[in-house]
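Please keep the structure open while reading these notes. The points below go through helix packing and the nonpolar core.

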Amino acid sequence: MTTQTNDIKTLENAFISNMGSGKQAAIKLAMLIDMSKTSGDSRSLANALTRLKKADDAQGYSATKKIVLSIFPKAKAQASKDKKTIVIKDMMVQVDNDAIDRLIDGVKQGLSIRSTLAGIVANDDKPDYDLIKSSDKAVALAMKNGVTEAAMLAAIKASYEKARKAEASK
(Lines give C-alpha, C1' and ligand atoms only; values in the text may rest on other atoms or scores of the structure.)
Protein backbone atom coordinates (compact mmCIF):
# COMPACT_ATOMS: atom_id res chain seq x y z
CA MET A 1 0.00 0.00 0.00
CA THR A 2 2.86 2.39 0.79
CA THR A 3 4.31 1.86 -2.69
CA GLN A 4 1.00 2.79 -4.31
CA THR A 5 0.67 5.86 -2.04
CA ASN A 6 4.20 6.95 -2.95
CA ASP A 7 3.48 6.34 -6.65
CA ILE A 8 0.31 8.44 -6.50
CA LYS A 9 2.11 11.26 -4.66
CA THR A 10 4.98 11.10 -7.20
CA LEU A 11 2.44 11.26 -10.02
CA GLU A 12 0.63 14.17 -8.35
CA ASN A 13 3.95 16.04 -8.07
CA ALA A 14 4.78 15.26 -11.70
CA PHE A 15 1.37 16.54 -12.80
CA ILE A 16 1.79 19.83 -10.95
CA SER A 17 5.38 20.35 -12.12
CA ASN A 18 4.36 19.62 -15.73
CA MET A 19 1.60 22.25 -15.81
CA GLY A 20 4.04 24.46 -17.71
CA SER A 21 3.91 21.89 -20.50
CA GLY A 22 0.22 21.28 -21.04
CA LYS A 23 0.71 18.11 -23.09
CA GLN A 24 2.80 16.45 -20.38
CA ALA A 25 0.36 17.64 -17.73
CA ALA A 26 -2.50 16.04 -19.66
CA ILE A 27 -0.65 12.72 -19.72
CA LYS A 28 0.09 12.90 -15.99
CA LEU A 29 -3.49 13.88 -15.18
CA ALA A 30 -4.83 10.90 -17.15
CA MET A 31 -2.50 8.63 -15.18
CA LEU A 32 -3.46 10.28 -11.88
CA ILE A 33 -7.17 9.88 -12.66
CA ASP A 34 -6.62 6.22 -13.55
CA MET A 35 -4.77 5.54 -10.29
CA SER A 36 -7.40 7.42 -8.28
CA LYS A 37 -10.19 5.50 -10.00
CA THR A 38 -8.44 2.20 -9.36
CA SER A 39 -7.83 2.98 -5.69
CA GLY A 40 -11.14 4.77 -5.16
CA ASP A 41 -9.22 7.51 -3.36
CA SER A 42 -9.87 11.13 -4.35
CA ARG A 43 -7.22 12.71 -2.12
CA SER A 44 -4.49 13.01 -4.77
CA LEU A 45 -6.88 14.68 -7.23
CA ALA A 46 -8.12 16.97 -4.46
CA ASN A 47 -4.51 17.79 -3.48
CA ALA A 48 -3.67 18.60 -7.09
CA LEU A 49 -6.65 20.96 -7.32
CA THR A 50 -5.65 22.58 -4.02
CA ARG A 51 -2.08 23.09 -5.22
CA LEU A 52 -3.23 24.63 -8.52
CA LYS A 53 -5.58 26.97 -6.70
CA LYS A 54 -2.90 28.02 -4.19
CA ALA A 55 -0.50 28.65 -7.08
CA ASP A 56 -3.10 31.02 -8.60
CA ASP A 57 -3.23 28.88 -11.75
CA ALA A 58 -6.87 29.67 -12.48
CA GLN A 59 -6.80 28.20 -15.98
CA GLY A 60 -5.08 24.99 -14.88
CA TYR A 61 -7.38 24.67 -11.88
CA SER A 62 -10.50 25.24 -13.98
CA ALA A 63 -9.47 22.78 -16.72
CA THR A 64 -8.40 20.11 -14.23
CA LYS A 65 -11.59 20.45 -12.19
CA LYS A 66 -13.73 20.28 -15.32
CA ILE A 67 -11.97 17.11 -16.49
CA VAL A 68 -12.18 15.42 -13.07
CA LEU A 69 -15.86 16.28 -12.61
CA SER A 70 -16.66 15.13 -16.16
CA ILE A 71 -15.16 11.73 -15.46
CA PHE A 72 -16.79 11.53 -12.03
CA PRO A 73 -20.11 13.33 -12.73
CA LYS A 74 -21.66 12.75 -9.30
CA ALA A 75 -18.57 14.05 -7.49
CA LYS A 76 -18.40 17.44 -5.84
CA ALA A 77 -15.18 19.41 -5.52
CA GLN A 78 -15.48 21.98 -2.77
CA ALA A 79 -13.51 23.77 -0.12
CA SER A 80 -12.93 21.86 3.10
CA LYS A 81 -14.39 23.07 6.39
CA ASP A 82 -11.22 25.00 7.17
CA LYS A 83 -11.26 26.49 3.63
CA LYS A 84 -7.58 25.61 3.17
CA THR A 85 -7.94 22.61 0.89
CA ILE A 86 -10.22 21.19 -1.79
CA VAL A 87 -12.16 18.02 -1.00
CA ILE A 88 -13.73 15.76 -3.60
CA LYS A 89 -16.81 13.95 -2.31
CA ASP A 90 -18.78 11.10 -3.89
CA MET A 91 -16.11 10.45 -6.51
CA MET A 92 -16.86 6.79 -7.09
CA VAL A 93 -20.67 7.09 -7.16
CA GLN A 94 -20.52 7.23 -10.95
CA VAL A 95 -17.66 6.94 -13.43
CA ASP A 96 -18.23 8.15 -17.00
CA ASN A 97 -16.22 5.73 -19.11
CA ASP A 98 -17.02 7.71 -22.27
CA ALA A 99 -15.36 10.75 -20.68
CA ILE A 100 -12.33 8.60 -19.86
CA ASP A 101 -12.21 7.48 -23.50
CA ARG A 102 -12.39 11.13 -24.63
CA LEU A 103 -9.54 11.98 -22.23
CA ILE A 104 -7.40 9.15 -23.59
CA ASP A 105 -8.17 10.16 -27.18
CA GLY A 106 -7.27 13.78 -26.41
CA VAL A 107 -3.98 12.73 -24.81
CA LYS A 108 -3.20 10.52 -27.84
CA GLN A 109 -3.87 13.51 -30.10
CA GLY A 110 -1.33 15.47 -28.08
CA LEU A 111 -3.81 18.02 -26.77
CA SER A 112 -2.70 20.31 -24.00
CA ILE A 113 -4.61 20.48 -20.75
CA ARG A 114 -4.78 24.22 -21.40
CA SER A 115 -6.34 23.81 -24.84
CA THR A 116 -9.65 22.27 -25.70
CA LEU A 117 -9.00 19.04 -23.79
CA ALA A 118 -11.33 19.94 -20.91
CA GLY A 119 -14.14 20.78 -23.33
CA ILE A 120 -13.61 17.55 -25.25
CA VAL A 121 -13.64 15.43 -22.09
CA ALA A 122 -16.73 17.26 -20.82
CA ASN A 123 -18.33 16.82 -24.26
CA ASP A 124 -19.19 20.52 -24.54
CA ASP A 125 -20.75 20.20 -27.98
CA LYS A 126 -23.42 22.75 -28.67
CA PRO A 127 -26.83 21.13 -28.46
CA ASP A 128 -28.89 21.03 -31.64
CA TYR A 129 -31.06 24.08 -32.19
CA ASP A 130 -34.60 23.39 -31.04
CA LEU A 131 -36.95 25.53 -33.12
CA ILE A 132 -40.06 24.54 -31.16
CA LYS A 133 -38.48 25.36 -27.81
CA SER A 134 -37.21 28.68 -29.16
CA SER A 135 -40.57 29.61 -30.65
CA ASP A 136 -42.39 28.61 -27.44
CA LYS A 137 -40.27 31.13 -25.53
CA ALA A 138 -40.80 33.85 -28.16
CA VAL A 139 -44.59 33.29 -28.24
CA ALA A 140 -44.85 33.29 -24.45
CA LEU A 141 -42.90 36.56 -24.24
CA ALA A 142 -44.94 38.13 -27.05
CA MET A 143 -48.24 37.13 -25.43
CA LYS A 144 -47.04 38.48 -22.08
CA ASN A 145 -46.41 41.82 -23.80
CA GLY A 146 -49.73 41.88 -25.67
CA VAL A 147 -48.36 41.18 -29.15
CA THR A 148 -50.95 39.72 -31.53
CA GLU A 149 -50.39 36.65 -33.68
CA ALA A 150 -50.57 38.75 -36.85
CA ALA A 151 -47.97 41.21 -35.55
CA MET A 152 -45.70 38.37 -34.50
CA LEU A 153 -45.93 36.66 -37.91
CA ALA A 154 -45.22 39.98 -39.64
CA ALA A 155 -42.18 40.53 -37.42
CA ILE A 156 -40.88 37.00 -38.13
CA LYS A 157 -41.32 37.49 -41.89
CA ALA A 158 -39.51 40.84 -41.73
CA SER A 159 -36.65 39.36 -39.68
CA TYR A 160 -36.37 36.39 -42.02
CA GLU A 161 -36.21 38.68 -45.07
CA LYS A 162 -33.57 40.86 -43.39
CA ALA A 163 -31.43 37.80 -42.54
CA ARG A 164 -31.81 36.40 -46.07
CA LYS A 165 -30.61 39.69 -47.60
CA ALA A 166 -27.66 39.83 -45.19
CA GLU A 167 -26.68 36.25 -46.16
CA ALA A 168 -26.97 37.06 -49.87
CA SER A 169 -24.67 40.09 -49.54
CA LYS A 170 -21.82 38.03 -48.06
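**Notes on helix packing and the core**

1. In this predicted model, the axes of H4 and H5 come within 7 Å and cross at roughly 140 degrees. Angles over 145 degrees count as roughly antiparallel, and the value here makes H4 oblique to H5.

2. Which residues form this contact? Ile67, Ser70 and Ile71 on the H4 side meet Ala99, Ile100 and Leu103 on the H5 side. By type, the residues of the H4 and H5 contact are five nonpolar, one polar and no charged.

3. H4 itself has 14 residues and reaches 20 Å from its first C-alpha to its last, close to the 20 Å expected at 1.5 Å a residue. Its buried residues are Gly60, Tyr61, Ala63, Thr64, Ile67, Val68, Ser70 and Ile71.

4. H2 (residues 22-39) packs against H3 (residues 43-54) at an angle of about 145 degrees, and their axes are 8 Å apart. Leu29, Leu32, Ile33 and Ser36 of H2 meet Ser44, Leu45 and Ala48 of H3.

5. The largest nonpolar core has 36 residues, and Phe15 and Ile67 touch the most other members. H1, H2, H3, H4, E2, H5 and H6 each supply at least two residues of this core. H2 gives the largest share, six residues. In soluble globular proteins, nonpolar side chains tend to be buried together.

6. What does Phe15 contact, leaving aside its neighbours within four places in sequence? The partners are Ala25, Lys28, Leu29, Leu32, Ala48, Leu52, Thr64 and Ile113.

Methods
Residues are numbered from 1 along each chain as its sequence is written. This is a predicted model: local features need pLDDT of at least 70, side-chain atom pairs count only at pLDDT 80 or more; totals for chains, interfaces and linings use all residues. Side-chain values use heavy atoms; hydrogens and water are left out. Axes are lines fitted to C-alpha atoms, for helices over the stretch in contact, and angles run from 0 to 180 degrees between N-to-C directions. Helices (H or I, at least four residues) and strands (E, at least two) are DSSP runs, numbered from the N terminus. Contact means heavy atoms within 4.5 Å. A nonpolar core is a set of buried Ala, Val, Leu, Ile, Met, Phe, Trp, Tyr and Cys residues joined through side-chain atoms within 4.5 Å. Buried means under 20% relative accessible area, exposed over 50%, partly exposed in between (1.4 Å probe, protein chains only). The expected span of a helix is 1.5 Å times one less than its number of residues. Angles under 35 degrees count as roughly parallel, over 145 as roughly antiparallel, 65 to 115 as roughly perpendicular and the rest as oblique. Ala, Val, Leu, Ile, Met, Phe, Trp, Tyr, Cys and Pro count as nonpolar, Asp, Glu, Lys and Arg as charged, and the others, Gly among them, as polar.
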